[in-house]
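Visitor: I am new to this structure and would like to go through it by question and answer. Please show it first.

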Amino acid sequence: MFIRHNDLVISKDDPFASCQLGRKKYADILTQIVDEPGNGFVLAINNEWGTGKTTFVKMWQQQLQNNGFTTLYFNAWENDFERNPLAAIMSELKVLRAKKNEEIYRSLLEKGAKLTKHILPAAAKALVKQYVNIDEIVDAVVSSTEAAAEILENEIDEYAARKKSLLDFRADLEKFLETTKGEKPVIFIIDELDRCRPNYAVEVLEHMKHFFAVNGIIFVLSIDKVQLGHAIRGVYGSEQLNADEYLRRFIDLEYSIPEPDTKQFVHYLFQYFAFDQFFKSNQRLRYSEASDEREAFLTFAVTLFEKGKPTLRQQEKMFAHARISLKSFSYGNYLFPSVFLFLIFLRILNNDLYQKVNKKEIKLQDLSDRFSQIFGIGDISEYKVRGFLYVQAQLLNMYNNYIFGHYAKHLVIRNNDGEVEALTVRSELDKSENNILFTEMIFALDSDSDKKSTSLEHLLLKIELLNPVIT
C-alpha cells in the first residue's frame with residue numbers, strides 16, 4: 001500500500017503507456033502543431049495547479065524525441081535561486097554542444113556575457129569617488145552640465161553596444177540551433193514558471209522574448225495563467241494591471257488540456273492505493289453491512305469530485321489520506337463511506353470548515369447549508385437528490401450526536417400521535433414541500449439503532465490518525 005502517489009514511470013518506447021487520463025491524443029495534436037516549418041513561437045499549456053501538467057509535458061517530451069525532435073526541459077522553480085535567468089537558460093542549451101558547433105557555442109557565450117555585464121559609466125564612477133553623501137551626488141550631477149553630458153554619452157554608447165550584442169547573440173543562437181535541430185525545431189519546455197519568485201518568473205519571460213525569440217526554437221510554457229498573473233501584478237505593484245494582456249506579449253498560442261474523465265481517474269486511484277485490501281478482505285466481508293460499502297465509496301467519490309471540482313493532485317491526496325485512515329478501522333467497525341469521504345474532502349479543500357466541525361464550532365443548520373452548497377450545483381435528478389439527502393441526513397445525525405452525545409436532540413420533532421411536527425434542521429437541497437424527502441431520509445436512519453446513535457467522533461478520530469493502526 002502506498003502512502004502517496006509516486007511519479008509515473010515514463011516508458012521510452014511508449015511514453016503514454018502509464019497515463020491513466022487518456023491524454024496521448026492531446027500530445028499528438030500538439031506534436032502536429034510544433035512540427036510545422038516556419039518561425040519559432042511560444043506555446044503556453046495553461047491549466048490549474050495540480051492537474052498533471054508536469055507529467056503530461058514530460059511524457060510529451062519523450063514522444064517528441066521519439067519523433068526526431070531535439071528537446072530541452074527547464075524547471076524554472078528548481079532554478080529560481082539563480083539571479084541571472086540568461087545563465088540558467090543557457091545552461092540548458094549547453095547539452096546541445098558538440099565538436100561541430102563548439103566555436104559557435106563559445107561565441108554565443110561571449111555575446112551573452114556582454115548582454116548581462118553591468119558597466120558603471122566612467123563619469124559616474126568618478127562622481128562616486130568624489131562624493132560620499134547620496135544627496136550631494138544628486139546635487140552635483142544636476143549642477144554639473146559637463147558630468148551629466150559625459151554620463152549621457154556613456155549611456156548612449158553602452159546602449160548601442162548592448163543593442164549590437166543582442167543582434168549578434170540572436171544571430172549566433174540561430175547558427176547554433178541550425179547545427180543541432182536538423183529539419184525540426186528545437187522544443188524548449190519551461191515548466192513550473194508560475195511557482196517561481198515573481199521577479200524571477202517575469203525575468204525569465206523577458207529574457208525568453210528578447211534574447212531567444214529566433215527561428216528554429218519553440219518555447220513551451222507549462223503554466224497556470226491565474227497564478228502567473230498574480231506574480232506579474234505583484235512585480236509591478238498594481239492589482240489593476242491586466243495580466244492577460246501582459247502575457248499576450250510573450251505567448252503566441254495557448255492550449256488547455258481538457259479535464260479527464262472523473263470516473264476513470266477515481267477507479268485508477270482506488271486501484272493504485274489498494275482499497276480492495278480493505279473492502280474485499282475476508283474479515284470485512286463477514287459482515288453483511290459491509291457488502292455495499294465498496295460501491296458506495298466509489299460512487300460517492302465520483303459525484304463528490306464532479307461537484308467539488310478538486311484538482312487531480314487534491315484527489316490523490318484525498319484517496320491517500322482515506323487509505324491510511326482505513327488502517328485504524330477494525331473489520332467490524334461501521335465505515336459510513338460517503339460521510340467518511342466527505343470529511344476528508346473538507347479536510348483537504350476547506351480545512352477551516354473541517355476544523356469548525358471537528359471542534360464543534362459550527363451550528364447544525366450551517367453545516368447543512370454548506371453541504372447543500374457543494375451538492376446543489378447544476379441540474380440534479382431526483383434519484384441523485386435522494387442519495388445526497390441520505391448522506392446529508394447521516395452527516396447531520398452523526399454531528400448532532402457528536403455535539404450532544406446520548407442526549408442529542410432529535411432531528412425530527414413529532415407530536416403525541418407520532419406525526420411530524422417540525423424539523424430541527426432543514427436541507428436546501430430538498431425542494432419538496434416541507435422538506436418531505438429529507439424527512440424520509442431521516443426516518444430511514446431509524447431502521448438501524450446502532451448507526452443512528454453513532455457519533456461523528458467515530459470517523460474524526462480515524463481521519464485525524466488518533467486511533468491506533470490495526471494490523
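Visitor: Over the face of which residue does Lys462 lie?

Guide: This is a predicted model, in which local features need pLDDT of at least 70, side-chain atom pairs count only at pLDDT 80 or more, and totals for chains, interfaces and linings use all residues. Residues are numbered from 1 along each chain as its sequence is written, and side-chain values use heavy atoms, with hydrogens and water left out. A charge sits over a ring if NZ of Lys or CZ of Arg is within 6 Å of the ring centre and within 35 degrees of the ring normal. Lys462 is 5.2 Å from the ring centre, and the ring is that of Phe329.

Visitor: How is the aromatic pair of Phe278 and Tyr331 classed?

Guide: Rings of Phe, Tyr and Trp (its six-membered ring) pair if their centres lie within 6.5 Å; planes under 30 degrees apart count as stacked, over 60 as edge-to-face and the rest as tilted. The centres of Phe278 and Tyr331 are 6.1 Å apart, with 20° between the planes. The pair is therefore stacked.

Visitor: Is Phe278 buried or exposed?

Guide: Buried means under 20% relative accessible area, exposed over 50%, and partly exposed in between (1.4 Å probe, protein chains only). Phe278 has 4% relative accessibility, so Phe278 counts as buried.

Visitor: How many residues are in the largest nonpolar core?

Guide: A nonpolar core is a set of buried Ala, Val, Leu, Ile, Met, Phe, Trp, Tyr and Cys residues joined through side-chain atoms within 4.5 Å. Among those with the most contacts inside the largest one are Trp60, Phe319 and Leu456. A second, separate core has 43 residues, including Met90 and Tyr246. The largest core has 90 residues.

Visitor: How is helix 16 oriented to helix 17?

Guide: Helices (H or I, at least four residues) are DSSP runs, numbered from the N terminus. Axes are lines fitted to C-alpha atoms over the stretch in contact (heavy atoms within 4.5 Å), with angles from 0 to 180 degrees between N-to-C directions. The two axes come within 6 Å and cross at roughly 125°. Angles under 35 degrees count as roughly parallel, over 145 as roughly antiparallel, 65 to 115 as roughly perpendicular and the rest as oblique, so helix 16 is to helix 17 oblique.

Notes: Helices (H or I, at least four residues) and strands (E, at least two) are DSSP runs, numbered from the N terminus.
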